[in-house]
Amino acid sequence: MNHPRNNHRNADRRSTGGRTTLWQGTSVVLRAITEEDIPRFLSDGVVDDMRLYGDGYVPFPVTDDVRRELLLRSTRPPEGDECSLAIEAAGELVGSISTDSCDPRSGSLWYGVAIFREHRRRGYAIDAVTVLLRYFFQERRYHRAGARVYSFNEPSINLQARLGFREEGRLRDAVFTMGARFDVLLYGMTSAEFDERWGSR
Ligand SMILES: CC(C)(COP(=O)(O)OP(=O)(O)OC[C@H]1O[C@@H](n2cnc3c(N)ncnc32)[C@H](O)[C@@H]1OP(=O)(O)O)[C@@H](O)C(=O)NCCC(=O)NCCS
């Protein structure tokens, strides 16, 4: 016999489209980054990827100790709405996603995402970004999300388009790296545009 408490739980599941938590996507779960995750981040080289694709420059070679120090910051609890989270798929760590420059008054946030090289092109970035944005729009009452993308980063340009972000601005020649100047593309999406594309659940 179905216990009344289970009916309540089933109703909860229905109201979240079968997900047991808002942090669960189709194939990924977002969770806190732990110290045990750090060796996996170090082995992938994703820290250097984030310097180039997230900050727009090729960094000096540094030791794993220095990289570990940088990664340890991600294990701290979120400050306000600024968070760094691990992306897990089938129980395996596959990347990370973070928010920055969050302004709860205007309801504006920026985000960045990185997937480990061997796990790319499996839809994990799309899934992780929609989970993150659904949380900020439906739980934290945010109104818009933005992404800054360098013009040399074609995978990310395509990712923003697939997610439904619009190009809202272009800072011409704003970065110099790898011997050339590149633009910074500014992408944005409102919560209404997100709902229209991805559904409100
Ligand atoms: C950009 C990045 C996060 C994409 O992650 P991913 O899990 O491979 O992306 P998905 O599998 O969810 O792909 C979503 C869409 O992104 C685009 N895309 C992803 N990788 C691409 C590539 N190598 N070339 C062209 N388009 C690509 C496609 O439009 C794709 O949709 P499709 O598969 O239906 O064509 C990943 O390449 C990465 O970690 N890059 C380094 C860090 C970075 O650049 N982060 C973004 C900073 S703004």
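Student: What makes the 7 strands an open sheet, and what is their order?

Tutor: In this predicted model, the strands run in the order 1-2-3-4-5-7-6, with mixed pairing. The two edges are strand 1 (28-32) and strand 6 (166-177), each of which pairs on one side only. From one strand to the next, the twist averages 30°.

Student: Which residues other than glycine have a positive phi?

Tutor: Among them are S101, with phi near 50°, and R121, with phi of about 65°. S101 sits in strand 3. R121 is in the loop between strand 4 and helix 5.

Student: What about R76: buried or exposed, and why?

Tutor: R76 has 11 other C-beta atoms within 10 Å, therefore R76 is exposed. Its place is in the loop between helix 4 (64-74) and strand 2. R76 and E35 are 41 residues apart in sequence, and their C-alpha atoms are 9.9 Å apart in space.

Student: How much of the protein counts as buried?

Tutor: Of the 201 residues, 25% count as buried. A buried residue has 20 or more other C-beta atoms within 10 Å of its own.

Student: Which residues touch the most other members of the largest nonpolar core?

Tutor: L30, I87, I97, A128, V129 and L132 do, in a core of 38 residues. Strand 1, strand 2, strand 3, strand 4, helix 5, strand 5 and strand 7 each supply at least two residues. Helix 5 gives the most, with 9 residues.

Student: What is A128 in contact with, beyond its neighbours within four places in sequence?

Tutor: A128 is in contact with G25, V28, L30, I87, I97 and V113. Contact here takes C-beta atoms within 7 Å.

Student: What share of the contacts joins residues at least 24 apart?

Tutor: 60%, among contacts between residues at least 6 apart in sequence.

Student: Which helices lie across strand 5 and strand 7?

Tutor: Helix 6 is one of them, running at about 155° to strand 5. Helix 7 (residues 191-198) is another, running at about 80° to strand 7. Angles run from 0 to 180 degrees between N-to-C directions.

Student: How many helices and strands does the protein have, and how do they run?

Tutor: There are 7 helices and 7 strands. From the N terminus on, they run α-β-α-α-α-β-β-β-α-β-α-β-β-α.

Student: Which residues come nearest to the ligand?

Tutor: Y53, R120, A125, P155 and N158, out of 23 residues around the ligand. The elements giving two or more residues to this shell are helix 3 (46-55), strand 4 (108-115), helix 5 (124-138), strand 5 (144-150) and helix 6 (154-163).

Student: Which element gives the most to the shell around the ligand?

Tutor: Helix 6, with 6 residues.

Student: How do the residues of the shell divide into nonpolar, polar and charged?

Tutor: There are 11 nonpolar, 6 polar and 6 charged residues around the ligand.

Terms used
Residues are numbered from 1 along each chain as its sequence is written. This is a predicted model: local features need pLDDT of at least 70, side-chain atom pairs count only at pLDDT 80 or more; totals for chains, interfaces and linings use all residues. A residue is near a molecule or strand if its C-beta atom, placed from the backbone, lies within 6 Å of it. Helices (H or I, at least four residues) and strands (E, at least two) are DSSP runs, numbered from the N terminus. Ala, Val, Leu, Ile, Met, Phe, Trp, Tyr, Cys and Pro count as nonpolar, Asp, Glu, Lys and Arg as charged, and the others, Gly among them, as polar. Two strands pair if DSSP finds at least two bridges between them. Two residues are in contact if their C-beta atoms, placed from the backbone, lie within 7 Å. A nonpolar core is a set of buried Ala, Val, Leu, Ile, Met, Phe, Trp, Tyr and Cys residues joined through C-beta atoms within 7 Å. A residue is buried if 20 or more other C-beta atoms lie within 10 Å of its own, exposed if 12 or fewer, and partly exposed in between; C-beta atoms are placed from the backbone.
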